[in-house]
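User: I'm new to this one. Please walk me through it, starting with any term I'll need for how helices pass each other.

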Amino acid sequence: MSYDPVDTTPNKLVILYLLSKIPVPLTLSQITTAILEQNYCDYFSLQQNLAELKNSLFIIKNNQDNISSFQITPKGAELANIHINKIKKDILAEIDQFIHDNYMSAKNNLDVHAVYTKKKEHEYIVTCKIIEKNSTLIELNLNVSTNNMANSICNTFKNNTNEIYSEILHLLIK
């Protein structure tokens, strides 16, 4: 289901509905996943909608350790409740299903980041980070020589986060 990108009001209501249904702040990554996977709007529209909702005091944006999270204000929750009937029932069902499928990860607020940037030729900086409840558990910066190595490290870290974290901890406390 997708909306007309010209009228942003339905998209803002979907964001407010999502935030009103989960009692913990959601990271930008979690909101992006919820909204973009269902093609409710594009990434740039999402960013604009979040900024406008924040400026209107319907949501609050928190930044900690370079991670943005959002939570709904009482004013935003009230608006979402008043205008819930303006969101199509199938979209409400999709959002409810997303919440059901992903609530535990939102509740745990565990964010795994693994990205790399090219510093110069044959030098890539890989940053792997685990954040739980707005607190950094580990941040690891690696300097590698190829794009393939950087990409492989990112994928491995994302797919084996718990094992890698446990092993590093185990090695450090020996």
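Analyst: A crossing is left-handed if the near helix is turned anticlockwise from the far one by less than a right angle, and right-handed if it is turned clockwise. As for the source, this is a predicted model in which local features need pLDDT of at least 70 and side-chain atom pairs count only at pLDDT 80 or more, while totals for chains, interfaces and linings use all residues. Residues are numbered from 1 along each chain as its sequence is written, and side-chain values use heavy atoms, with hydrogens and water left out.

User: Fine. How many helices and strands are there in the protein?

Analyst: The protein has seven helices and six strands. Both are DSSP runs numbered from the N terminus (helices are H or I with at least four residues, strands are E with at least two). Along the sequence the pattern reads α-β-α-α-β-β-α-α-β-β-β-α-α.

User: What share of the residues is buried?

Analyst: Of the 174 residues, 35% are buried. Buried means under 20% relative accessible area, exposed means over 50%, and partly exposed is in between, with a 1.4 Å probe and protein chains only.

User: And which share of the contacts joins residues 24 or more positions apart?

Analyst: Among contacts with a separation of 6 or more, 54% are between residues 24 or more positions apart. A contact here is heavy atoms within 4.5 Å.

User: Which residues in helix 2 and helix 3 meet?

Analyst: From helix 2, Leu28, Ile31, Thr32, Ile35 and Leu36 meet Tyr43, Leu46, Gln47 and Leu50 of helix 3. These divide into seven nonpolar, two polar and no charged residues. Nonpolar covers Ala, Val, Leu, Ile, Met, Phe, Trp, Tyr, Cys and Pro, charged covers Asp, Glu, Lys and Arg, and the others, Gly among them, are polar.

User: Now helix 1 and helix 4. At what angle do their axes cross?

Analyst: The axes of helix 1 (residues 9–21) and helix 4 (residues 74–82) cross at roughly 115° and come within 9 Å. Helix 1 and helix 4 are therefore roughly perpendicular, and the crossing is left-handed. Leu16, Tyr17 and Ser20 in helix 1 meet Gly76, Leu79 and Ala80 in helix 4. Four of the residues in that contact are nonpolar, two are polar and none is charged.

User: What does Phe58 touch?

Analyst: Not counting residues up to four places away in sequence, Phe58 touches Leu16, Leu53, Ile72, Thr73, Lys75, Gly76 and Leu79. Phe58 is found in the loop between helix 3 and strand 2. The C-alpha atoms of Phe58 and Pro74 are 7.6 Å apart, with the two residues 16 apart along the chain.

User: So is Phe58 buried or exposed?

Analyst: Phe58 counts as buried, because its relative accessibility is 16%. Leu57, in the loop between helix 3 and strand 2, is exposed with a relative accessible area of 56%. Leu57 also has a positive phi of about 65° although it is not a glycine.

User: Where is Asn39 placed?

Analyst: Asn39 sits in the loop between helix 2 (28–37) and helix 3 (43–55). Asn39 is not a glycine, yet its phi is positive at about 60°. At 47% relative accessibility, Asn39 is partly exposed.

User: Change of topic: strands. How many bridges join strand 5 to strand 6?

Analyst: Nine bridges join strand 5 to strand 6 (residues 135–144), and the two run antiparallel. Strands pair if DSSP finds at least two bridges between them. Thr127 has Asn141 in strand 6 as its bridge partner. Strand 5 is largely enclosed by the rest of the structure, because seven of its ten residues are buried.

User: What about Glu123, buried or exposed?

Analyst: Glu123 counts as buried, at 16% relative accessibility. Glu123 lies in strand 5 (residues 123–132). Leaving aside neighbours within four places in sequence, Glu123 is in contact with Thr117, Lys118, Asn143, Val144 and Ser145.

User: Last one: in what sense do strand 1 and strand 3 pair?

Analyst: Strand 1 (residues 26–27) pairs with strand 3 in the antiparallel sense over two bridges. Ser69 in strand 3 is the bridge partner of Thr27. Strand 3 (residues 67–72) is mostly covered, with five of its six residues buried.

How values were computed
Axes are lines fitted to C-alpha atoms, for helices over the stretch in contact, and angles run from 0 to 180 degrees between N-to-C directions. Angles under 35 degrees count as roughly parallel, over 145 as roughly antiparallel, 65 to 115 as roughly perpendicular and the rest as oblique.
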